[in-house]
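Dear colleague,

I am handing over the structure below, and my notes on it follow. Please read them with the structure open beside you.

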Amino acid sequence: MILVTGATGSVGRHVVTELLAQQLAVRALVRNPDTADLPSGVEVVPGNLADPASLDSALADVDSVFLLWPFFSAEGASAVVDAIARNARRVVYLSAEAAAADPASFWAVLEQRIEKSAPEWTFLRPTGFAKNTLGWADQIRSGVVHGPYGEAARSLIDERDIASVAVRALIEDGHAAKVYVLSGPGTVTQTEQVQIIGAAIGRPARWEEQSPGQARPSLVQIFGDESYADAALDTWAGFVTTPERVTATVQEVTGVPARSFSQWAHDHADDFR
Ligand SMILES: NC(=O)c1ccc[n+]([C@@H]2O[C@H](COP(=O)([O-])OP(=O)(O)OC[C@H]3O[C@@H](n4cnc5c(N)ncnc54)[C@H](OP(=O)(O)O)[C@@H]3O)[C@@H](O)[C@H]2O)c1
């Protein structure tokens, strides 16, 4: 039995679908079974990662767990990780590339705790998710996206590729104690991302540069926290001079090349229309 947390999210939903396609027993942890809208064949179990006691039924008789941590702080993570480690042999944790740079980040703290308690673990450290660009959908419809650091070059990854690697790590041997940095097949600047989305929906769209100071208030609103807004600005500034890392790990693990951002934009065109 494989437990998928974040099963209604952008990665977890694909993990569930791929596992079901392989005729495996899949259980999904969701906060609200009535709205989960998951495929038939998956056992849907209610639970909340903020409440370790609520996870008992989801963890019963589980072999492997796909874990994501949906919060911006590691508070409460130890109890959850320990409960998982008491029940499951294998944990595949959706971390982030940023874990390497900041050992105090919640991603890194979770990794440290999992490494300490889980019998077998694999860490997935993706770069930026392609779906982050959905935040531009309203501006794309108006034809102009305003933002800072248009020349920031990102190796955005298709969430389906993260899920495919997760599935391999969940069901195959040979991935224990591996840290997989996952990215798209190349880098695309933010200015290019907007043009690519425009081409995918058949309606031109362009980037209009804002100064970091102009962008900051809306970023604080989006992230709900000044330090996250400033960290995002610093990260994008860095990607102007040093493009985000590109790896071949998706292909190495799955045997299939990572999807391009153009492919992702084409497949999500309706979300921007
Ligand atoms: N976006 C990026 O660029 C990026 C890059 C690297 C790493 N990451 C990491 O990726 C993870 C997010 O993955 P995602 O994008 O696939 O998720 P997502 O689409 O944002 O969805 C969040 C998932 O978490 C579940 N969830 C939220 N609160 C929960 C709670 N209290 N208890 C149990 N489940 C809860 C939601 O389920 P319900 O709402 O249905 O309960 C949903 O399935 C985060 O840990 C993030 O830090 C993101």
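The side chains of Asp158 and Arg160 make a polar contact at 2.7 Å, the term covering a pair of N or O atoms within 3.5 Å where, within protein, one must be able to donate a hydrogen and the other to accept it, and where residues adjacent in sequence count only if both atoms are side-chain atoms. Please keep in mind that this is a predicted model, in which local features need pLDDT of at least 70, side-chain atom pairs count only at pLDDT 80 or more, and totals for chains, interfaces and linings use all residues. Residues are numbered from 1 along each chain as its sequence is written, and side-chain values use heavy atoms, with hydrogens and water left out.

Asp158 sits in the loop between strand S8 (153-154) and helix H7 (159-171); helices (H or I, at least four residues) and strands (E, at least two) are DSSP runs, numbered from the N terminus. Asp158 is buried because its relative accessibility is 2%, where buried means under 20% relative accessible area, exposed over 50% and partly exposed in between (1.4 Å probe, protein chains only).

As for the ligand, 24 residues surround it, the closest being Thr8, Arg31, Asn48, Lys131 and Asn132, with a residue counted as near if one of its heavy atoms lies within 4 Å. This shell divides into 13 nonpolar, nine polar and two charged residues, with Ala, Val, Leu, Ile, Met, Phe, Trp, Tyr, Cys and Pro taken as nonpolar, Asp, Glu, Lys and Arg as charged, and the others, Gly among them, as polar. An N or O atom in the side chain of Asn132 is 2.7 Å from an oxygen atom of the ligand, while a polar backbone atom of Leu49 is 2.9 Å from a ligand nitrogen atom.

The structure holds 17 salt bridges, each a side-chain nitrogen of Lys or Arg within 4 Å of a carboxyl oxygen of Asp or Glu. One of them joins Arg90 and Glu120 at 2.7 Å, N to O, and this pair links distant parts of the chain, Arg90 being in strand S5 (residues 90-94) and Glu120 in strand S6 (residues 120-126), 30 residues apart. Arg90 is buried, with a relative accessible area of 4%, whereas Glu120 is partly exposed at 21%. Arg89, Arg90, Glu120 and Asp173 are linked in a network of salt bridges.
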